[in-house]
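Welcome! Below is a short tour of a model with its sequence, written for someone who likes to know the cut-offs behind each term.

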Amino acid sequence: MELRLNDQQTAYRHLTLVGRLDTRGVDSVEIKFNALIGPKAKNVLLDFAEVSFLSSMGIRMLLTMARVCSRNGGVMVVLNPQPLVHEAMQHASLDDLIPVVTSIAEAEQAFPA
Amino acid sequence: MSSKNRQLAREVRSKSDLFDLMDESRELLESVEVSPKAIYTVELALEELVTNVLRYGFPENPSGAVVGVEVELQEDLVVLTFIDEGCPFDPVAAEPPQIPLTLEEAPIGGLGIKMLKKSAHSFEYFREDNRNIVVVQILR
């Protein structure tokens, strides 16, 4: 599992995840994920195009950070999940809580000012 | 792994064993005609059900936790069987978490079983000879 911070100059955090977000993936990336986003995170864009698998452990990591964003008045948005990953989010009833978008422009519209 | 009967059977005692099993299962399934969706569901079942047993199945002796897992390829199905001698737990009967309206209400636990119920063709539990037996059938 890889995690990259794309751009610190924007008004939001833009991160790219690559690989499988399962127990093994979360074990390898969660500390870095939390450190890069931080407790003051408000708006976060997670590029999911290269995430091939999402289990409940990955969802727990996402929910925890989405709550941080929400408490800070912002939102965490997932960009371009693969179909099976998107379906897993829907099966977990997550898609209403963590918006899924198909473009950066759409994500930027979803972010509160 | 036997390519003749297309079956894989392992005892899993740790996360490391689980990761090895997931890798071996993926290799087996990718070598035959199994849809990407079926492979996804198999991996979800392996991760969610094995992790549950290792974490919660042996509260008095967590380091002694072990679950037997069999992956069997049938004509139209992938059949997964999980057997453990831990405390009784019926994942099929477990109440799914309510659909949350807000992030604060969103449950952390129970999501894996909920996801699996929506993806599997069938999901059965038996309690026999002080063992938990879970059988998951997944359409190929």
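A word on conventions: residues count from 1 along each chain as its sequence is written, while chains are lettered from A and ligands numbered from 1 in the order in which they are written. The model is predicted, so to speak of local features a pLDDT of at least 70 is needed and side-chain atom pairs count only at pLDDT 80 or more, whereas totals for chains, interfaces and linings use all residues.

**Around D84(B)**

A residue is called buried if 20 or more other C-beta atoms, placed from the backbone, lie within 10 Å of its own. D84(B) is buried, with 23 other C-beta atoms within 10 Å. Two residues are in contact if their C-beta atoms, placed from the backbone, lie within 7 Å. Apart from neighbours within four places in sequence, D84(B) is in contact with V53(B), G57(B), V66(B), V67(B), R131(B) and N132(B). The C-alpha atoms of D84(B) and K37(B), 47 residues apart along the chain, are separated by 27 Å.

**Chain A**

Chain A has four helices and five strands, running β-β-α-β-α-β-α-β-α from the N terminus. Some overall values:

| Property of chain A | Value |
|---|---|
| C-alpha trace along its principal axes | about 35 × 25 × 25 Å |
| Buried residues | 46% of the 113 residues |
| Contacts between residues 24 or more positions apart | 74% of those with a separation of 6 or more |

Within helix 3 (residues 83–91) of chain A, the buried residues are V85(A), A88(A) and M89(A). Seen down the helix axis, they fall within an arc of 100 degrees, so they line one face of the helix; the arc is that of the directions from the axis to the C-beta atoms. Their cover includes strand 3 (44–54) and strand 5 (100–101) of chain A, together with helix 3 of chain B. After helix 3 of chain A comes S93(A), with a positive phi near 60 degrees.

**Where the chains meet**

How many residues of chain B are in contact with chain A? There are 22, and they touch 18 residues of chain A. Helix 1 (15–30), helix 2 (36–56) and helix 3 (111–119) of chain B each supply at least two residues of that side of chain B. Helix 2 of chain B gives the largest share, eight residues.

How values were computed. A residue is buried if 20 or more other C-beta atoms lie within 10 Å of its own, exposed if 12 or fewer, and partly exposed in between; C-beta atoms are placed from the backbone.
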